[in-house]
Amino acid sequence: MTDVTLAHTPPADSLFRRNLRDFRRNRLAMASVIVVLIFVIMTVAAPLIAPHDPNQTDLFRRLQPPAWMEGGDWAFVLGCDGLGRDILSRIIYGARISIFIGVVVIVLATGVGILAGLAAGYFRGWVDVVIGRVVDILLGFPYLIFAIGLMAMMGPGLFNIVLALAYKEWVIPCRVVRGETLAVRELEYVEAARALGAGSGHIMWREILPNIMSPVIVVATIRMANVIILEASLSFLGLGVQPPTASWGSMVSDGRAFILEAWWVSTFPGLAIVLLVLAINVASQGLRDAFDPRFSE
Amino acid sequence: MNALPRLLLATALATCPALMPAAVVAEDLIVGFTLDADTLDPANHRKRETETVIRNIYDGLLTRDPDMRVVPEIAEAMTQVSPTVYDFKIRSGIKFHDGTEMTAEDVKFTLDRVTVEGAMGDGQTSPRQGLMGPVASVEIVDGDTVRITLKEPWPILPAMLPNQQIVSKAFVEANGTAGMATMSNGTGPFKLGEWRKGDAIILQRFDDYYGGAPDIAPVGAACVERVIFKIIPESASRVAALLAGDVHIINELPTFSIAQVKANAGTDVMTVNGTRSFFLAMNLQGEVFDDLKVRQAAAHAIDKDLIIDRILDGTAARIEGILSPDAFGSSELPAVSYDPEKAKALLAEAGYPDGISITMDTEGAFKDTAEAIASMLTNAGIRTTVAVGESAQLTEKWRTAGKPKSGDMYFSSWGNGSLDPFDIFTPTHKTNDRGNSAGYANPALDALLDQAAVEMDAEKRAGMYREAELMINADQPYVYLWVPQDIYGVSKKLSGWAPSADSRINLHDACIN
Amino acid sequence: MSLSRLLERLLQLIPVLLGVSAIAFLMMALTPGDPVQIIIGDQSITPEQEAELRRGLGLDRSLLERFFIFLRNALQFDFGTSYYHRRPVSDVIAERLPATIELSLVALIVALVTAIPLGVLAAIRKNSILDRLATVGSLLGVSLPGFWFGLLLIMLFAVQLQILPVSGRIGYSSEVPTITGFLLIDTLLHRDLAAFGDALRHILLPAITLGLPMTAILMRVTRASMLEVLRQDYVTFADAKGLSRRRVLFRHALKNALIPTVSVAAIETGSLLGGNMIVEAVFGWPGLGRLVVESIFLRNYPLVQAAVLLYAVTYVLLNFVADILYTVLNPRVKL
């Protein structure tokens, strides 16, 4: 899908504005952006909104049901987990981890991917071959096995989760950037810049990169949704964040043992993941429709 | 949304009678089990779950009754000739599954295969060699008696012998160690039907079974025709399978599922005292826990009873030393009270009036309990962060056998399947031994443990372990926590089966009504 | 496809496999944790016996030596002995592989069978309610964490309604002697309809869970390429010629529109195989994915290395298949 090549137009602010206007008109996409924003606000204002300390254990509230069920308590609306901690507060704080991991992994991966992709697409030759082989090797390695292996090697911890996820993630933006660069580098205005004696660095950063950012951003948002799910998968395999930190992935996976007796422990954080990921996906679909129409239809 | 047609399809398939499995005539006994067997070769593994399966196919010289007493099985009688010589008279008329007669020759072959270096073929030694202690030789005397000679006295030989199962010499020689991994020819109550790797092990009743240990009634062929070990690693799925009536026994029933399984009409819960002691190892080579007062503070900070009551649902026995209350040589010890104020006072005396900050390592499976302990420690001034690690990593970090170690505290456990102190006391407390995670070193205790290991007089030996327990109780290298029960979920259709403390699931006497 | 292109493709396999092996080896070697200690566990052993066990597993050799032994043996298709099963790794993997392949293929079929009609319909009735529902549905499909969705399915169909089994591949009332290793095929070859139905009931939930994200992706690809094709000149031309709408759609448009769908499906099948481990764990499916994850935690080096190599070969071959499909379906593309 990334090999599709179309003629590119030189940079123009007006185009960006028009795209933005298109995006704003897409109601579903705007609603999703608002949902994402609400989650982001939640991460910042967590101490203000959360009704309880997310790590406060109370063994006498172990597996307390949600407020509307028998045995529930409105002070703990969504019930309590296996250590009597408030699930709602943990979901609010957990948003921090999920969003942090999603953003940091994607920023890291996209940065590395842009550098490698630009180099491969612009210089071609042996640079392209070497980067291509590295990409092949990483893609040939099943994602989860790679992540599990890295986590086992480096030990648990938030930083290592980010690394384990980013190590391979850069391959995707790299492929996109390379394909786009290959197409753009032959265009007239790039040729013109080269004729004027601009250096490779200047051409890559100033002439090529701005023109290929749309697909990169679109791909980055989609992958961010995916990274949030992958973090949950790592938790499921026992390689999630360290306690007592709440992350949605670890809440779902710790709660799955109770699913027969206390469905609420894993169901609510699961819904939170679905809501956030869905919102990001819908928003990125909107972005793609507005900024990069050749992908959408 | 495209799920709807699929849901309809699913419903249609499920309700279409032609596609439902045909009714079974004689009901199979199905065990929902956590792990598949690694191999079916009794001499080539080192795992409890594997032994549980093998134990239904192969019998041993000796076995354990439901009360963990060692009784003769293939051996008719055991005589201790001297502290280092044991004679086993072999029962006659025992048949292997292929119909051949079992002889003393097979017993000697089996024991040699385990104890002699390189006896597994290809230059390999049995990984179970370590479970047989200092065996010097195995000989046949008088045709039907097998004599085991030890290099030095080892009083727990009878307690360890149920770990070895008798194989057929001719069968091993014909199929090799490679063949033994997937084929079997034992003398046990069941023979191998089909092994669907990773999914199920299907066993069939052996009709020519000699009956098993005479001390464990009933004696005779097994009650059910087929037994199936169905592998279900996810605990929620295992419980769901029991509640749905798909299986009759499940192991490792989580404590929070007890109420639900009891409330369900067709199922019940069975427990047996386990053999695994849980403890907090404190790094005695570290900066804070080299002080006895700090270790005592940690011990006073933890409300064991509350955790046993709320998280373990009352299914554990608290301990003040390393030994389970059921173990040989265990005795009543001075109890450490739950007293957070005293803990704070002890910390202050040790020079930490503002408390200390530490990290507690544990495995993912014990995260909940570890976090509960951590919050208790924190309340008493020992601010504790839980760090969950993988068991392989933690083992390397903490079980350094004398080499320097990092880390503050380790929430861990040690199993003691034989319930003999030798098996748990020595590895966890002797200086620089394998499981001495605390890095405890006490020459007086080392000498006492060495002495107890070879003491033949049971009463004297028990006294030595009592003395040893008092030593460690005073030094507090670990905070000794509890010994959990093994919890099983069972169908009410099941009869004649009770769980066993060594966590084996012997299905010889089990029936389905 | 030209012969030289084929050769080039095969040659590409070599650096990829070498690189993957080296990374897998290094990763396992640098990971803390000693297989010997894990094997012994809490049971008693003397230091001499421990050393003997280490020697028996070949772990007394140096890292470099072990890597070269691995490479040399791997070239002869000997991947060593599994530390726990005490049998050749290739045997152990071969026993678990059919279950994984069967599950992946059924998931693929579920995905294709739902995604293509829905994608085509959505494209033909662009902007209709159906189109929107399908779009939202596909977005939801890629937003559900697999293990969570699987657990919900178990809760509903196995625990509440009790119409589908909780786990496993097939019941135990019938014996199905192995022919292909794929139960759905073997039961039919034995003309055992009851067993076939039973196997189908077992595979349904895991296949749906595994196939859901792929369904979503394939639907979007089909819809997009169908729209693209419908705009092409020859379709407009055929329309103008007065050919029936149905004939145009199915004879001309669909065939061309499916090219991207099929090649994306081939590539995604690779990630299906790699993503299996979570679904296998949830549904107790006796496949390779679960075995590999367990083996990493147990530091069963030979098995992990062989499995990773197998995944890499599959990945390269599937890309290869995608290329070929692309050429066969679309003769205009010359590779």
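Contact, in this report, means heavy atoms within 4.5 Å. The structure is a predicted model, in which local features need pLDDT of at least 70 and side-chain atom pairs count only at pLDDT 80 or more, while totals for chains, interfaces and linings use all residues. Residues are numbered from 1 along each chain as its sequence is written, chains are lettered from A and ligands numbered from 1 in the order in which they are written, and side-chain values use heavy atoms, with hydrogens and water left out.

Helices (H or I, at least four residues) and strands (E, at least two) are DSSP runs, numbered from the N terminus. A residue is called buried under 20% relative accessible area, exposed over 50%, and partly exposed in between (1.4 Å probe, protein chains only).

**Aromatic rings**

Rings of Phe, Tyr and Trp (its six-membered ring) pair if their centres lie within 6.5 Å; planes under 30 degrees apart count as stacked, over 60 as edge-to-face and the rest as tilted. Over all chains, the structure holds 23 aromatic pairs. In the pair A:F141 and A:F146, the ring centres are 5.0 Å apart and the planes stand at 75 degrees, so the pair is edge-to-face. Both A:F141 and A:F146 are buried. One aromatic cluster is formed by A:W68, A:W263, A:W264 and A:F268.

**Chain B as a whole**

Chain B contains 15 helices and 20 strands. The radius of gyration is taken over C-alpha atoms, and the globule rule is 2.2 Å times the number of residues to the power 0.38. For 513 residues a compact globule would have a radius near 24 Å, and the 25 Å of chain B agrees. The C-alpha trace of chain B spans about 75 × 75 × 40 Å along its principal axes. Of the 513 residues of chain B, 60% count as buried. Among contacts in chain B with a separation of 6 or more, 68% come from residues 24 or more positions apart.

**Loop residues of chain B**

| Residue | Relative accessibility | Class |
|---|---|---|
| B:D142 | 71% | exposed |
| B:D144 | 29% | partly exposed |
| B:N432 | 46% | partly exposed |

B:D142 lies in the loop between β6 and β7 of chain B, and B:D144 is in the loop between β6 (135-141) and β7 (145-150). Leaving aside its neighbours within four places in sequence, B:D144 is in contact with B:F88, B:K89, B:I90 and B:A104. B:N432 is found in the loop between α13 (422-429) and α14 (443-454) of chain B.

Although B:D142 is not a glycine, its phi is positive, at about 60 degrees. B:N432, also not a glycine, has a positive phi of about 60 degrees. A cis peptide bond runs from B:A217 to B:P218, with omega near -5 degrees; B:P218 is in the loop between β9 (200-205) and β10 (226-231) of chain B.
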